[in-house]
Amino acid sequence: MTGKLHRFGGACSGIITTAALCSQLPQITNGNMLLVMSGALLGGIGGLLPDIDTPHSIISLKHPIVSWVVCKFTEHRIAIHTLIIPMFLAVLTSVLYSVQFDVFVLSASLLSGFVFHLIQDTCTRGGIAWGYPFVKEKYSMRNTYSGAPGDILVTIVLVMLQYAFFVQLFMLYDFLK
């Protein structure tokens with residue numbers, strides 16, 4: 001996937017996550033556009049963040065020193081493209097829930113953009129090692145290279161699947177109330 005698709009997918013993921021979480025609490029109005037736009041921004045950043053481990057990515061060009069340090073300790077799509085970072089972000093997000101709801105929502109948006117990036121990269125020929133460092137085998141769901149014409153379609157389908165997931169999740173939640 002290209003950086004533009006990672007940013008687009010992450011931003012969409014951030015919007016969906018922010019809107020879904022805000023819609024479930026009566027004290028947060030659905031019209032809180034600043035929170036939703038901030039969620040889109042952080043989702044977009046989360047969508048770019050895993051590529052800090054390659055020197056020519058969009059985020060690495062903005063933060064070359066951080067990228068240089070990360071590249072010294074890992075190679076592309078190994079340690080950063082794994083479940084360890086999202087699990088750490090999830091723990092941080094759950095801790096932030098007790099601090100303030102807005103901070104929790106924004107943290108969840110960053111996390112969703114990061115995970116969206118990992119799913120996008122799984123849909124390329126290179127794949128990712130989801131279980132690293134325990135399982136070093138890379139998993140891939142397609143036989144095309146990053147930047148292929150089908151990447152746009154894959155990203156749009158993934159955005160629609162995430163939206164459908166949240167709709168179904170909250171319909172079930174409302175049903176069980």
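Student: Which word describes how H1 and H6 lie to each other?

Tutor: The axes of H1 and helix H6 (residues 101-122) cross at roughly 140 degrees and come within 8 Å. Axes are lines fitted to C-alpha atoms, for helices over the stretch in contact, and angles run from 0 to 180 degrees between N-to-C directions. Angles under 35 degrees count as roughly parallel, over 145 as roughly antiparallel, 65 to 115 as roughly perpendicular and the rest as oblique. H1 and H6 are therefore oblique.

Student: What kind of model is this?

Tutor: Residues are numbered from 1 along each chain as its sequence is written, and side-chain values use heavy atoms, with hydrogens and water left out. Local features need pLDDT of at least 70, side-chain atom pairs count only at pLDDT 80 or more, totals for chains, interfaces and linings use all residues, and the model is predicted.

Student: How many nonpolar, polar and charged residues are in the contact of H1 with H6?

Tutor: Contact means heavy atoms within 4.5 Å. Residues of H1 that meet H6 include Leu5, Ser13 and Leu21, and those they meet in H6 include Phe101, Ser112 and Asp121. Ala, Val, Leu, Ile, Met, Phe, Trp, Tyr, Cys and Pro count as nonpolar, Asp, Glu, Lys and Arg as charged, and the others, Gly among them, as polar. By class, the contact of H1 with H6 has eight nonpolar, 12 polar and one charged.

Student: Is the crossing of H1 and H6 left-handed or right-handed?

Tutor: A crossing is left-handed if the near helix is turned anticlockwise from the far one by less than a right angle, and right-handed if clockwise. The crossing of H1 and H6 is right-handed.

Student: Within what distance do the axes of H1 and H2 come?

Tutor: Helices (H or I, at least four residues) and strands (E, at least two) are DSSP runs, numbered from the N terminus. By that count, helix H1 has residues 3-23 and helix H2 has residues 33-48. Their axes cross at roughly 140 degrees and come within 6 Å.

Student: How many residues of each class does the contact of H1 with H2 have?

Tutor: H1 passes H2 in a right-handed crossing. On the H1 side, the residues that meet H2 include Gly3, Arg7 and Ile15, and on the H2 side Leu35, Gly43 and Leu48 are among them. The contact of H1 with H2 has, by class, seven nonpolar, nine polar and one charged.

Student: Which class has 15 residues in the contact of H5 with H6?

Tutor: H5 and H6 pack with their axes 8 Å apart at an angle of about 165 degrees. They are therefore roughly antiparallel to each other, and their crossing is left-handed. Ile85, Leu89 and Tyr97 of H5 are among the residues that make the contact, as are Phe104, Leu111 and Leu118 of H6. By class there are two polar and no charged residues, and the class with 15 is nonpolar.

Student: Which residues does glycine 46 contact, leaving aside its neighbours within four places in sequence?

Tutor: Glycine 46 is found in helix H2. Buried means under 20% relative accessible area, exposed over 50%, partly exposed in between (1.4 Å probe, protein chains only), so glycine 46, with 0%, is buried. Glycine 46 and leucine 110 are 64 residues apart in sequence and 4.7 Å apart in space, C-alpha to C-alpha. With those neighbours left aside, glycine 46 is in contact with Leu110, Gly113, Phe114 and His117.

Student: Is arginine 77 buried or exposed?

Tutor: Arginine 77 is found in the loop between helix H4 (64-73) and helix H5 (84-97). It has a positive phi of about 60 degrees although it is not a glycine. With a relative accessible area of 9%, arginine 77 is buried.

Student: Which residues does the cis peptide bond join?

Tutor: Proline 133 lies in the loop between H6 and helix H7 (150-176). The cis bond, with omega about 10 degrees, joins proline 133 and tyrosine 132.

Student: What is the aromatic pair of phenylalanine 165 and phenylalanine 166?

Tutor: The structure holds one aromatic pair. The ring centres of phenylalanine 165 and phenylalanine 166 are 5.7 Å apart and the planes are at 65 degrees. Rings of Phe, Tyr and Trp (its six-membered ring) pair if their centres lie within 6.5 Å; planes under 30 degrees apart count as stacked, over 60 as edge-to-face and the rest as tilted. The pair is therefore edge-to-face.
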